[in-house]
Structures are given as structure tokens and as C-alpha cells.
Amino acid sequence: MIANARMYSVSPQAGAAWRTLLMRVAQRAGVELAYVEHDVPAPIRALWERDDCACVLMCGYPFATAPVRYRLLAAPVPDLPRYGGLPRYFSEFIVRADSPCVSLAQTFGTRLACMLPESNSGYNAPRRYLMEFGLVDGALYLPTEAATPTPQDVIDAVIAGRAEVGVVDSYVLDLLRLHVPGRIAALRTLAVTQSSPIPPLVASPGIDEEIAARLRGALLDAHRDPDCAEALATLRLARFAAVEPGDYRRLVRWAREADHAGVALTAATPVAQGLSSPLSEPSSRPSSQPLSEPLSEPLSEPLSKPLPHPSDPLA
């Protein structure tokens, strides 16, 4: 059985901390795990399709749409104030620090670096956010010449000028702000989406439930273990939280809403005529509130209003 945290191993320090943390969790659980590397360019879906995953980070949208039922263990809770002490995250629209754009609307019609449609933070959450501009039947951005399937690819494209704007997982960016501040200094955030349930740690369907339960308990207690403290601090994590499958079903509804509205992130011919209202920032709703759906199904805990990123002009 294996453990892996590729999704948030965004720097050597973060990668080492995840390995230390998950191996300590396995030790406390009395479960023998091997920490495996599954680095780029290996597709991350190939990792999730393994039948021996026992403690692996998985994007919430593929989790919710998988034809098999993964065993939920727990979800990370970043310790920064904007996460409100809950297992959630955001997507940030980023531009180069020297970009002349001061609002997201000013980037419409330019090249957007985004991830694959199976990604929540890199595709579906930004797509839903753009529906707040009244977008239907089209896209507001041009595609990049080359695909950008990972957050680092998105960041590279924006910094190199191959895209004018990109969309990246907020927790990825927060880890990079801590560990690789020089790289992130080249970027600026223009907008932040509503919150989504953060990618959870899962086990493959065939992993025995008794093993999953032991790992789950060790994760939920990790913040009480002094031997986990350094790794948690390196990862800017307060704790791991219990989550339910229903917490992630909203991501499927959001994607279906966007599909039904004919909304894409990029197209060879971006449309402005597809907007039901003039191009302007969606100021009538806070960025944490979904388009048409009140947060009636909390992430196993009540949601409070998040703190937007300080560089978000919508704050």
C-alpha cells in the first residue's frame, strides 16, 4: 500500500514535509505504507487509478465523479486566516506582477493558462466564477499554444508571457509564497473564486475499511502529535478535518451548471456578445458565495465568510 501527496508537493521542502507527515501518520495508525514518488510528467490520474492507494491526495472533482467509490480519510485545513479553519480552498486568477490589468474584466480576450477539465481549481471553479459575469454559450479567453496540465505549468506560462492570465489553486500558491517567494513575486492576484472543498486524502476502494479507519483516526489526531508539528508548520496546516462524500458533490453540480450554460474557459474565438450584462466585476455577491446555490450543505462544519486574498481587488 502506498502514500503520496504530489498535489501539494510544490517545493522540495513541501515534498519532504508531506513524506514525513504521512509516514508518521502511518506509523501511528500501525499501517505499513510505502511513500511513492509520482512526479510530472506522469499523469496524476494514473496514480489515482492504482488499487493500492492507502493515503493519497486526490482532487475533489475526480473523487466525486469517479465510477468507483474511494474511501475518504480526511482533508487538510490550511492555517491561514482566509481558510477560516475549514477544509476549503479557492482558485486565484493570476497575472504577471508587471501586467497593466487591474481588474479581471481587463483580461478578457487574452490567453488563459488553465488545467484539464477534470481539475476543480484549475478549470471548473474558475469556469463557475466567470458565470458571475453573465457568461453563457462561449468563453472569455483564448487558449494557450501548449497545454498547461499542472499548477506549475500554469505559473510558468504566465511568468514567461505565454499566457496573460492563469488560474491556480490557492493552497498551492500559499505554499509557494512561503517556500519559493522569489518565484511568486513575479505574479499578482486579480481575483479569487468562491471556496470549494479542498482535495482530500483518500484510499482506493479495495483498501480494507479497518485500515482506512486507522489512517483516518491518525490523520484527525496529527495536530496533537508533537512529532507532526514541524511538518504541519512547513505545510501551513492547522489540522486534518473529517469530510463526507456529500461535501464534494457540489463540485459535480457546479460543473453541470456550467456545461448546461455552454460555458468554457477558452475558445479559438472568445465571445463578449455571450454576456447577459456589460463586462464588469461581479460585485453583487461575495467571492465565497456560489452563483445560484446558497451554501446549504456545509463542509461538515458551518461555513463562515472567508477572508479574500489581500491582493484581490474584489475584497
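Let's start with Y8: not counting residues up to four places away in sequence, Y8 touches A14, W18, L57, Y89, D169, Y171, V172, L175, I198 and P199. Keep in mind that this is a predicted model.

Y8 also shows up in the largest nonpolar core, which has 78 residues; along with W18 and F240, Y8 touches the most other members. Helix 1 (residues 12-29) gives this core its largest share, 8 residues. A separate core of 25 residues lies apart from that one, with L135, A191, L265 and V271 among them.

Now for P76, which sits in strand 4, spanning residues 71-78. Is P76 buried or exposed? P76 counts as buried because its relative accessible area is 0%, and the cut-off for buried is under 20%. Setting aside neighbours within four places in sequence, P76 is in contact with L57, P87, I198, P199, L237, R239 and F240. P76 and V243 are 167 residues apart along the chain, yet their C-alpha atoms are separated by 9.9 Å.

On to the largest pocket, with a volume of about 700 Å³. Its lining has 34 residues, and the closest to the pocket centre are R6, M7, V40, I44 and T150. Helix 1, helix 2 (44-48) and helix 5 (151-159) each supply at least two residues of that lining. Here is how the lining splits by class:

| Class in the largest pocket's lining | Count |
|---|---|
| Nonpolar | 19 residues |
| Polar | 8 residues |

Key:
Residues are numbered from 1 along each chain as its sequence is written. This is a predicted model: local features need pLDDT of at least 70, side-chain atom pairs count only at pLDDT 80 or more; totals for chains, interfaces and linings use all residues. Side-chain values use heavy atoms; hydrogens and water are left out. Helices (H or I, at least four residues) and strands (E, at least two) are DSSP runs, numbered from the N terminus. Buried means under 20% relative accessible area, exposed over 50%, partly exposed in between (1.4 Å probe, protein chains only). Contact means heavy atoms within 4.5 Å. A nonpolar core is a set of buried Ala, Val, Leu, Ile, Met, Phe, Trp, Tyr and Cys residues joined through side-chain atoms within 4.5 Å. On a 1 Å grid over the protein atoms alone, a cavity is a set of points where a 1.4 Å probe fits but cannot get out, and a pocket is an open set with protein on both sides within 12 Å along at least five of seven lines; lining residues have an atom within 4 Å of a point. Grid points are joined across faces, edges and corners, and a volume is the space filled by probe spheres set on the points. Ala, Val, Leu, Ile, Met, Phe, Trp, Tyr, Cys and Pro count as nonpolar, Asp, Glu, Lys and Arg as charged, and the others, Gly among them, as polar.
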